[in-house]
Amino acid sequence: MPRALALAEEAAKHGEVPVGAVISDGARIIAEARNQMRALKDPTAHAEVLAIRAACQTLGTERLTGLTLTVTLEPCPMCAAAISHARLARLIYAAADPKSGGIAQGPRLFTHPQCHHVPEVIDGIQAAEAEAQLKAFFAQLRSSSG
């Protein structure tokens, strides 16, 4: 989670919502990414999706079985579907996302009968740090626009 939080901070410095993601096989990082929707002009350029794409390219496969995705914010439904399709073994996330989350909030995608694969989910890891990053980012955004 520390690396994911550092990536989230980097995203914020570039004007992106502060979300960072890391895919690992334990101690070794396979891929990492931060939100880049604005920079890439791509609504799918969430940290999780970019990390999944990078890991698949690095490993030369479309399946990430046995790997862990660590992310600073509860994945949205789009990212939850990508996590399922990638067959990630484990999802660890920090802050809950009551507005846009897709795991414990909203559609709870992994409980849906059509969900292809359900990873182990561990939530709340360093949630306070991730929440602080998000609150600071949106406070700054509000103060600069108003």
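# A walk through the model, starting at the pocket

Select α5 to begin: this helix gives the most to the lining of the largest pocket, with three residues. Helices here are DSSP runs of H or I with at least four residues, strands are E runs of at least two, and both are numbered from the N terminus. You are looking at a predicted model, in which local features need pLDDT of at least 70 and side-chain atom pairs count only at pLDDT 80 or more, while totals for chains, interfaces and linings use all residues. Residues are numbered from 1 along each chain as its sequence is written, and side-chain values use heavy atoms, with hydrogens and water left out.

**Stop 1: the pocket**

The largest pocket has a volume of about 510 Å³. To find its middle, select Val17, Leu73, Asp97, Ser100 and Phe138, the closest to the centre of the 20 residues that line it. A pocket is an open set of points on a 1 Å grid over the protein atoms alone, with protein on both sides within 12 Å along at least five of seven lines; a cavity is a set where a 1.4 Å probe fits but cannot get out, and lining residues have an atom within 4 Å of a point. Points are joined across faces, edges and corners, and the volume is the space filled by probe spheres set on them.

Colour the lining by class and you get twelve nonpolar, three polar and five charged residues. Nonpolar covers Ala, Val, Leu, Ile, Met, Phe, Trp, Tyr, Cys and Pro; charged is Asp, Glu, Lys and Arg; the others, Gly among them, are polar.

**Stop 2: α5 from end to end**

Now show residues 127-145. These 19 residues of α5 reach 27 Å from first C-alpha to last, close to the 27 Å expected at 1.5 Å a residue (the expected span is 1.5 Å times one less than the number of residues). Pick out Ala127, Ala130, Gln133, Leu134 and Phe137, which are buried. Look down the axis of α5: the buried residues fall within an arc of 135°, so they line one face of the helix. That arc is taken from the directions from the helix axis to the C-beta atoms. On the other side of α5 are Ala128, Lys135, Gln140, Arg142 and Ser143, which are exposed. Buried means under 20% relative accessible area, exposed over 50%, and partly exposed in between, with a 1.4 Å probe and protein chains only.

What sits over the buried residues of α5? The cover includes α1 (2-13), β3 (68-73) and β4 (90-95).

**Stop 3: α1**

Stay with that cover and select α1. Its twelve residues should span 16 Å at 1.5 Å a residue, and the end C-alpha atoms are 17 Å apart, which agrees. Ala4, Leu5, Leu7, Ala8 and Ala11 of α1 are buried. Seen down the axis of α1, these buried residues fall within an arc of 160°, so they line one face of the helix. Pro2 and Lys13 are exposed on the other side of α1. Covering the buried residues of α1 are, among others, β1, β2, β3 and α5. Following α1 comes Gly15, with a positive phi near 80°.

**Stop 4**

Jump to residues 47-59, helix α3. Buried here are Ala47, Glu48, Val49, Leu50, Ala51, Ile52, Ala55 and Cys56. They pack against β1 (20-24), β2 (29-34), α2 (37-40), β3 and α4. Gly60 follows α3, and its phi is positive, near 70°.

Next, select Cys79 in helix α4 (residues 77-86). Cys79 counts as buried, at 0% relative accessibility. Leaving aside neighbours within four places in sequence, Cys79 is in contact (heavy atoms within 4.5 Å) with His46, Glu48 and Val49. Draw a line from Cys79 to Ile52: 27 residues apart in sequence, 9.5 Å apart C-alpha to C-alpha.

**Stop 5: loops**

Most residues other than glycine have a negative phi. Lys41 has a positive one, about 50°. Find Lys41 in the loop between α2 and α3, exposed with a relative accessible area of 72%. Arg108 also has a positive phi, near 45°; go to the loop between β4 and β5 (120-123) to see Arg108, which counts as partly exposed at 41% relative accessibility.

Last, select Gly101, in the loop between β4 and β5. Buried or exposed? Gly101 is buried, with a relative accessible area of 4%. Its contacts, beyond neighbours within four places in sequence, are Glu74, Pro75, Cys76, Pro77, Gly106 and Pro107. Gly101 and Cys76 are 4.4 Å apart in space, C-alpha to C-alpha, though 25 residues apart in sequence.
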